[in-house]
Amino acid sequence: MGGPGTNVRRLAWRAVAILPSPVRGLATLPVRRRADAELRALAPMPPGDRRLYVGPWNTAGQAWQWVRAAERHLPSTAAQNLWAQRSLSQAHFDFPADHRLSVLAQRGRVRELHGERVLRESTHVLHESGRRVLADFHAGSMLEDLPDLRRAGVSPAVLFHGSEIRDLRQHAERSPHSPFRVPERGWDDYLRTLQSIVERNRADLRRWREEAGGPVLVSTPDLLDFVPDATWLPLVVDVDRYAEAARLAGVVPLERERPVVLHAPSNPRLKGTEAVEEVLSGMESAGLVDYRRLSGVPHEQMAAFVAEADVVVDQVVLGNPGVLVAESLAAGRLVVAHLSEQVRDRWPGLPVLEADASSLREVLESALADRAAARELASQGPAWAREHHDGRRAAAVLAPWLGAPAPG
C-alpha cells in the first residue's frame, strides 16, 4: 500500500489521462523529459569478450551479486544488472544495482534508450523470474524479447527465485509443514494470485524450452523439485562484510545467559512467522532469550543486526535456504531453519539446525541446554559460506553458458 503522496500521484496521472491529446502531450512533456534523462544516465556496459546483462528485478540483491561474481571470477567478462521499480510504493531495501529505472523512467522511451542499448552492448541476457529486460518489464514475459535477442545474436537464459515458480499444490503435497496446506476452496486472494503467477510462468517456461532452448536456472536447491531440468545457481553474499561485522560485534554465540534470537522475515506468511513469534515470545517471557524481529531494514544495515545476534531463525515452513541463511552462516551465527530432506541430500554438511513450526521450541531449548554443541555447529558457518556463497561457485555455473573458462 502506498502513502498519501502515492495516492495523489495516481490521481494526478488519471486526471492527465482524460485530457485531450494535444493538451495531454504538453502536460506530460516535463515527465517524459525527466524519464529520458534518467534513461540516458544509465552507465554503458564495460568492455569484455562476453557481456552479461541481468534483470529486471534484482530480487534480494542477487542479480547484482551474480554479475559481480562473473566479473571477478571469469576472465574478460563484463556484466551489469537492472532493477526496474514495479510500483511507486515499492521499496528496494537499498540493494545495490548497476541500473535503476524508476516507475517514472518506465513511462519514457524505454525501448529506444534502454532496450536497444542492451541489444547493442550485451552478448548474454539473463531474464529474472521470466520477465523481459528490453521493455515492459512487468507486463510481458521473456518470450517477447526472444525475436529481438535472436536478431542481435544475444544468448538468453532464464532464472527463477522462488515463489514465482514454486507450485503451491505440489509443495503442499510434498511437505507436511507447507504454508499452503489448506483446502484450496479456502484459499484467499493472496494464494490464488500466487498460484496464478506460478501457472503463467510454468506455461511460459514450456514455450521457452521449445522456442529458446537456453539455460534454465534456479537460485535455491529446493526449486529443483519444481523445475527438475534446471541448473542451480548458488546465492552470493558479501562473506567478508559479514565476517568483519561479526568480528566488530565480538559476540560468541550462546555465551550470553539470555542469547539474542533474531527473526527477519521478508515475507512473514512464507517464513512461518506466526509460529516463530509464538515460540520466541513465549521463550522471552520465560526469561530464556531476548527476541528481536526485524522488518523493513535497509540491507546495508543487516550485517550489524545479524552480528549482534546469537541465533538467527529463518523460515520454518518452506524448506529452502535463502539469502539470510547464507549471510548468517558467514557471520558465524547459529542458524535455525526448516530445510527439506531433498535440500539436505543435495547439500550434505550444511551447518543449519533443523526445526519446523512444531519443533522450534524444543530445538532451541536443546541448543540452550548444550551450548557447546550449538557453538560448534555455528563455528562451521563462515567456512561453509566462503566455499559456497562467495561467488566462485556461481561463476562456475555461469561459465559454460558464457563461454568462459571455469574459475580455478
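# Exercises on a predicted model

β4 and strand β5 (residues 155-160) pair in the parallel sense, and five bridges link them. This is a predicted model, where local features need pLDDT of at least 70, side-chain atom pairs count only at pLDDT 80 or more, and totals for chains, interfaces and linings use all residues. Residues are numbered from 1 along each chain as its sequence is written, and side-chain values use heavy atoms, with hydrogens and water left out.

Some terms come up throughout. Helices (H or I, at least four residues) and strands (E, at least two) are DSSP runs, numbered from the N terminus. Two strands pair if DSSP finds at least two bridges between them.

## Exercise 1: Strand β4

*Solution.* 
- Start with β5. The bridge partner of L126 in β5 is A157.
- Now take strand β1 (residues 50-55). Four bridges join β1 to β4, and the two run parallel. G55 has H127 as its bridge partner in β4.
- Next, follow the chain. β4, helix α5 (residues 146-152) and β5 make a right-handed β-α-β unit. A crossover is right-handed if, with the strands pointing away from the viewer, the path from the first strand over the helix to the second runs clockwise.
- Check burial. Buried means under 20% relative accessible area, exposed over 50%, partly exposed in between (1.4 Å probe, protein chains only).

## Exercise 2: The open sheet

Work out the order of the five strands in the open sheet.

*Solution.* 
- The order is β9-β8-β10-β11-β12, with parallel pairing. The edge strands are β9 (290-293) and β12 (353-354), each pairing on one side only.
- Begin at β9. Strand β8 (residues 260-263) is joined to β9 by four bridges. H263 has R293 as its bridge partner in β9.
- Go to β10 and β11. Three bridges hold this parallel pair. V313 stands opposite V336 in β11.
- Finish at β12. Two bridges join β11 to β12. The bridge partner of V336 in β12 is L353.
- Look at the faces of β11. L334 and V336 point one way, V335 and A337 the other, and all are buried.
- β10, α12 and β11 make a right-handed β-α-β unit. β11, helix α13 (residues 341-346) and β12 make a right-handed unit too.

## Exercise 3: Helix α12

*Solution.* 
- Count first. Helix α12 (residues 323-330) has eight of its eight residues buried.
- Then list the cover. It includes α3 (62-73), α8 (239-249), α11 (302-307), β10 (311-313), β11 (334-337) and α16 (381-389). Contact here means heavy atoms within 4.5 Å.
- Look past the helix. G332 follows α12, and its phi is positive, near 75 degrees.

## Exercise 4: The largest pocket

Which helix gives the most to the lining of the largest pocket?

*Solution.* 
- On a 1 Å grid over the protein atoms alone, a pocket is an open set of points with protein on both sides within 12 Å along at least five of seven lines; lining residues have an atom within 4 Å of a point.
- Take the volume. The largest pocket holds about 1,700 Å³ of space. Among its 49 lining residues, T59, A60, R86, S266 and N267 are the closest to its centre. Grid points are joined across faces, edges and corners, and a volume is the space filled by probe spheres set on the points.
- Name the helix. α7 (189-211) gives the most, with six residues.

Terms used
1 Å grid on protein atoms, 1.4 Å probe; cavity = no way out; pocket = protein on both sides within 12 Å on 5 of 7 lines; lining within 4 Å.
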